[in-house]
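Dear colleague,

I am handing over the structure below and would be glad if you looked through it before reading my notes.

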Amino acid sequence: MRLLRSTDLALRVLMRLAVAGGSSPTTRDVADGMDVPYTHLAKVVAELQHMGLLQARRGRGGGLTLTEQGRTASVGAVVRAFEGDGDVVDCEGPTPCPLNSACRLRAALRRAQEAFFASLDPVTVQDIVAEPTGVLLLGISRGADPRDV
């Protein structure tokens, strides 16, 4: 299973903010540091804010901060929210699969997808930034050398 780009960005934003300490980087700062388009990241940030996982403040002294709910959020829940609950394969698309009425693959793929999500459910954002990841995250920005942290 391959995650959508927005799911990957959402997890990376949460991880980045989890190690931000007292700083509140702007969406543009985070986009530049991740080397991703600002407009794409802004959509992801808006969804994370809607989910209550981060706060975004505009203007002088503004920026992004992780909420307590964001710090303890289940990685599985975040992935589900961004990936949706659709099937792994599209059996009923514009050209429906002729095996649809007797296929066992669809159910097997659904079970595998649920097992994937279930394996991520107990993992929190705080868990995925524990040492040594947190230190490395602090040093990652375009042009920075992580050994300088």
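The predictor's confidence in each residue is given as pLDDT, on a scale from 0 to 100. This is a predicted model, in which local features need pLDDT of at least 70 and side-chain atom pairs count only at 80 or more, while totals for chains, interfaces and linings use all residues. Residues are numbered from 1 along each chain as its sequence is written, and side-chain values use heavy atoms, with hydrogens and water left out.

The protein has a mean pLDDT of 86, with 92% of its residues at 70 or more. Over residues 141-149, however, the pLDDT is below 50, and beyond near neighbours in sequence this stretch has 11 contacts in the model (heavy atoms within 4.5 Å). Where pLDDT is low, the predicted coordinates should not be read in detail.

Helix 6, residues 105-120, has 16 residues, helices being DSSP runs of H or I with at least four residues, numbered from the N terminus. Its buried residues are Q113, F117 and L120 (buried means under 20% relative accessible area, exposed over 50%, partly exposed in between, with a 1.4 Å probe and protein chains only). These residues lie on the same side of helix 6, because they cover an arc of only 60 degrees around the axis, taken from the directions from the helix axis to the C-beta atoms. Helix 5 (75-83) is included in what covers them.

With kind regards

Terms used. Helix = DSSP H or I, 4+ residues; strand = E, 2+ residues; numbered from the N terminus. Expected span 1.5 Å × (residues − 1).
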